[in-house]
Amino acid sequence: MLHSALINVMVKAARRAGRSLKRDLGEVENLQVSLKGPANFVTMADKRAEEMLHDDLVKARPGYGFIGEEGGLREGADKSHTWIVDPLDGTTNFLHGIPQFAVSIGLQREGTIIAGLIYNPANDDLYLAERGKGAFLNDQRLRVAGRRSLGDCVIACGLPHMGRGDLELSRAEMTAIQAKVAGLRRFGAAALDMAFVAAGRFDGFWERNLQPWDMAAGQIIVREAGGIVSGIEGDDDPLKTGDVICGNEFIHAELVKILQPLGK
């Protein structure tokens, strides 16, 4: 399948960083047996992948800004374009040798995400979208699931953990959703959760307290697959609020109806 020059740049960068992460994953699996564990090694793998992505993307598009999870904002001469990058979404999964993690790249132009890519090096799944051109998984066109009743749906979520997030609110949200759905999943990589919504694997997804690099690519991939993405209010920008709900128009609306009052 033919892609634009922009998408080709993103794919090339993601695959190179992905090869490095896949090699590192093999090493992580060996380190699991040690008492100290692989935490420091994973931190270095994360930083190494981000530097690869930065070098490749900035070389291909000189002047574009770059926001990375590890290095923060690096401003460029071109103030209208910014790469928003998570070199390793699902770090805890990676740390434990669980092959549910991804490289995530979004490109923002004057405040709007115009292209996104999510790549899992462990299974070579490559999700991508460009504004107005649809969403794809390994060159297969994506469409969100068509279910309209929560009772038929599998919904993904995030769960706060030690030292992060509002555990009481999370329990209230889970209790409210669990009673209404066919299944609830927590896979631990927000970018891939959103990609799964775009692919129709999950019917919906919500999570609070995310960063822009967790959602930038997923946002456009879901939208180009025909889905709705917002914050918890239903019409707000998740990149600004840090909270996200996505799904088809019916499931998105149902999730907003349940979750929005709980956060008050």
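Predicted model: local features only at pLDDT ≥ 70, side-chain atom pairs only at ≥ 80, totals over all residues.
Colleague: Which residue forms a salt bridge with Asp124?

Modeller: Arg15 does, with the closest N and O atoms 3.0 Å apart. The two sit 109 residues apart, Arg15 in helix 1 and Asp124 in the loop between strand 5 and strand 6. Arg15 is partly exposed too, at 28%.

Colleague: Where do Asp56 and Arg16 lie?

Modeller: Asp56 lies in helix 2 and Arg16 in helix 1, so their pair ties together parts 40 residues apart in sequence. Their side chains meet in a salt bridge at 2.8 Å, N to O.

Colleague: How many salt bridges does a search of the whole structure find?

Modeller: It finds 12. Among them is the pair Asp125 and Arg201, at 3.8 Å. Asp125 counts as buried at 14%, while Arg201 counts as partly exposed at 40%.

Colleague: Now the sheet. What is the order of the five strands?

Modeller: Strands of a sheet pair through backbone hydrogen bonds, either parallel or antiparallel. Here the sheet is open, its order is 10-9-11-13-12, and the pairing is mixed. Strands 10 and 12 stand at the edges with a single partner strand each, so one side of each has no neighbour in the sheet.

Colleague: In which sense do strand 11 and strand 13 pair?

Modeller: Antiparallel, over four bridges. Glu207 stands opposite Val244 of strand 13. Helix 8 packs on the sheet, touching strands 9, 11, 12 and 13.

Notes: Residues numbered from 1 in each chain as written. Heavy atoms only, no water. Pairing = 2+ DSSP bridges. Contact = heavy atoms within 4.5 Å. Axes fitted to C-alpha atoms, helices over the stretch in contact; angles between N-to-C directions. Salt bridge = Lys/Arg side-chain N within 4 Å of Asp/Glu carboxyl O. Buried < 20%, exposed > 50% of the residue type's maximum accessible area, 1.4 Å probe, protein only.
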